[in-house]
Amino acid sequence: MANLSDKSRWLLRHFRREWQIYLMLAPAVIWFLTFLYTPMYGLQVAFKDYSIFKGVAGSPWIGFEHFQTLFDNDDFIRSLKNTAILSAYNLLFAFPAPIILALMFNEILNQWYKKGAQTIVYLPHFISTVILAGIVLTAFSPSAGIVNTVLGWFGVDPIYFMSKPEWFRPIFIGSGIWQEAGFSSIVFLAAIAGVNPSLYESAVVDGASRWQMMWKITIPSILPTILIMLIIRIGNLLEVSFELVLLLYQPATYVTADVVNTFIYRQGIQSGQYDLAAAAGLFNAVVAFILVMTANALSKRFSRTSLW
Amino acid sequence: MSGVTLEKIVKSYGKIEVVHGIDLVVAEKEFVVLVGPSGCGKSTTLRMVAGLEEISAGRITIDDRVVNEVAPKDRDVAMVFQNYALYPHLNVKENIAFGLRIRKESKANIEKQVAEVAEILGLTEYLERRPADLSGGQRQRVAMGRAIVRHPKVFLFDEPLSNLDAKLRTQMRAEIKRLHKRLGVTSIYVTHDQVEAMTLADRIVVMCDGRIEQVGTPMDLFNHPKNLFVASFIGSPPMNQIQAEVEASGDKLFAKFGAHRLELPMLHELGANDHGRKVTLGIRPEHIMTQADPDTDAIEVELDLIETLGSEALLHTTVMGKPFVVKTETRGDLSHLENVRALHFKPDMLKVFDGVNGDVFDHPERLK
């Protein structure tokens, strides 16, 4: 008891002394509570037969029925499969892209050229997703798109890229890389800038080539950053860029393009099945949580690097 | 001969020249220390020898081969850096072996060499550890191991002990000295610490503002500094300085400051014509006595404080309002020091420097 009061006295003293820090922290905490924790109350509709008229509290509990329905639904299974495939492609192609880009930038010795190249690849990040989707749709248009125009020079008939399911994934991943690889490379460039220059000088004296220095110094030195970014990426793995999918897909490409988030959007917003959409969203969140925990544990075990 | 020769070496960054045509010959197996304050160009000079900096003019020869255009890896030098430059993701063994692996040496040879070096440096039990798990001294030993394992013609040390605490620095200093004795490799060592320079060097090169001020053995620099800069840089505590004026009286010369008048020893380039000339008198704290002795001159001082070092003490006094430090023996007791009001020294221990350019007026017999 005395211990407890000692602790509360200490806490009180601590708050009195450090109140400025807590004041600065307050907006972030309020934001999290308002927009991320309070809505969690609504998650219970995933286990209820939700009716707008009865409200969240008034709707009857139905247990895991919505989850049962989801897993019996071919569209959901398809969206789950597409999400997994797009996520895997993302991890395989989009994740290494900024790392490769940062390594390439690091090798450019001419500062003017380096800055120019960096500015050019950062720019797409500042384009809104709607504009980006517009550019992609225009570029791949069968009538006036640049891609089909170039193909036409080689005698290839126009391809209806955006309505062919087999083209959706490469176009989606490619446009994602085009938009974000440059900007994402900043993190890795910062990590590279933090590498002790003596390591390179020492390697130069030892006789290492630039290629050897990249493999034996740069990449291992930025590995902790790569792993942290990978953990964060894995946590967001199922959050396949919802807006971009929504803007690029069409019923003809659902077979490869429909992902869990677009499924939730169609079920929840368009069809008004909020409870089913909530169940799908909750499932998504639980899987993401498990993924990030696993990635963090693995990283901690094998590389001494972890988020917590 | 695995010596190093620097001829008229210049280094410029754009229009700014930082090293102004220095000449230096480092003999085979010699341990030469470049010492000087920050920004004097000592590290730049070392990096030019390593090939990490291009030289703007002049010629560098290593082992009788001009290396101006030779890549660092082909100069057969090994460098130890101030911050160790150990690869954090590699363990001690891999760090030491790095240079050999880059040179594609056989696995068996690498194992053998690393084991040998680890034995020399007392690192055998730490071979599997990463740098983060080592102490500062152990890290520095690994850094030296990386250099030694390649059997280079020249070792280059860039302030290797600066990151260590005082005690460890003393230990490592002795280890470096022992290692040099054992391996006998030509070494160039950069430091801003004159104690390190004095204890390690066969010869010391004192640098200032991109120029060599003086080259000589530690005792040569201590006893016969060429100018005021060297005199004040070498020695700890530094040489005491008093601004004075030359007074010629008959065939004798005196230095006048405040109410004091000290007879000057016979000095080269200083004669009766120099009456009224501004000079700086220099006297080392070790050469001052607290008790009168035959043939000594005396000056009155005010005692500010006594710093006890154990067997020795530093008396902080003032002469004409300027600090004046005396290093003296305590003989286990401070009471005899507490009432010091006058200091004594032999006139021949006095150094006289030109009041304008700081050059020493040397004793004529030394110049013979």
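A cavity is a set of points, on a 1 Å grid over the protein atoms alone, where a 1.4 Å probe fits but cannot get out, and its lining residues have an atom within 4 Å of a point. The views below show a predicted model, in which local features need pLDDT of at least 70, side-chain atom pairs count only at pLDDT 80 or more, and totals for chains, interfaces and linings use all residues. Residues are numbered from 1 along each chain as its sequence is written, chains are lettered from A and ligands numbered from 1 in the order in which they are written, and side-chain values use heavy atoms, with hydrogens and water left out.

**View 1. The second largest cavity, lined by residues of chain B, including B:Phe31.** The space in this cavity comes to about 40 Å³, where a volume is the space filled by probe spheres set on the points, and grid points are joined across faces, edges and corners. Its lining consists of B:Phe31, B:Phe155, B:Phe157, B:Ile176, B:Leu179, B:His180, B:Leu183 and B:Ser187. Two elements of chain B, β7 (154-158) and α5, each supply at least two residues of this lining. Helices (H or I, at least four residues) and strands (E, at least two) are DSSP runs, numbered from the N terminus. Helix α5(B) gives the largest share, four residues. Six lining residues are nonpolar, two are polar and none is charged. In this classing, Ala, Val, Leu, Ile, Met, Phe, Trp, Tyr, Cys and Pro count as nonpolar, Asp, Glu, Lys and Arg as charged, and the others, Gly among them, as polar.

**View 2. The largest cavity, with residues of chains A and B in its lining.** Its volume is about 80 Å³. Of the 13 lining residues, A:Ser202, B:Met79, B:Ala143, B:Arg146 and B:Ala147 lie nearest the centre. Two or more residues come from each of α10 (197-206) of chain A and β6 (77-80) and α4 of chain B. The lining has nine nonpolar residues, one polar and three charged.

**View 3. Helices α4 and α5 of chain B, packed against each other.** Helix α4(B) covers residues 136-148 and helix α5(B) residues 166-183; their axes are 11 Å apart and the angle is about 20°. Axes are lines fitted to C-alpha atoms, for helices over the stretch in contact, and angles run from 0 to 180 degrees between N-to-C directions. The two helices are therefore roughly parallel, a label for angles under 35 degrees. The crossing of α4(B) and α5(B) is right-handed, meaning that the near helix is turned clockwise from the far one by less than a right angle.

**View 4. The largest pocket, which α15(A) lines with 11 residues.** A pocket is an open set of points with protein on both sides within 12 Å along at least five of seven lines. This pocket holds about 1,000 Å³ of space. Its lining has 27 residues, and A:Leu36, A:Leu43, A:Glu239, A:Gly281 and A:Ala285 are the closest to its centre. In chain A, α1 (2-37), α14 (260-270) and α15 (274-303) each give two or more residues to the lining. By class, 20 lining residues are nonpolar, six polar and one charged.

**View 5. Helix α14(A), largely enclosed by the rest of the structure.** Eight of its 11 residues are buried, which is to say under 20% relative accessible area (1.4 Å probe, protein chains only). These buried residues are A:Val260, A:Asn261, A:Thr262, A:Phe263, A:Ile264, A:Arg266, A:Gln267 and A:Gly268. A:Gly272 follows the helix and has a positive phi, near 70°.

**View 6. The second largest pocket, to which α9(A) gives 10 lining residues.** The pocket has a volume of about 630 Å³. Among its 26 lining residues, A:Asn90, A:Ala94, A:Glu180, A:Ser184 and A:Arg233 lie nearest the centre. The elements of chain A that give two or more residues are α4 (74-94), α9 (165-193), α11 (210-235) and α12 (242-248). The lining is made up of 14 nonpolar, eight polar and four charged residues.

View 7. The peptide bond between B:Ser236 and B:Pro237 is cis, with omega about 0°. B:Ala85, in the loop between β6 and α2 (92-102), is not a glycine but has a positive phi, near 55°. B:Ala85 is buried, at 0% relative accessible area. B:Lys104, also not a glycine, has a positive phi of about 55° and lies in the loop between α2 and α3 (107-121). B:Lys104 counts as exposed at 67% relative accessibility, the cut-off for exposed being over 50%.

Technical notes:
Angles under 35 degrees count as roughly parallel, over 145 as roughly antiparallel, 65 to 115 as roughly perpendicular and the rest as oblique.
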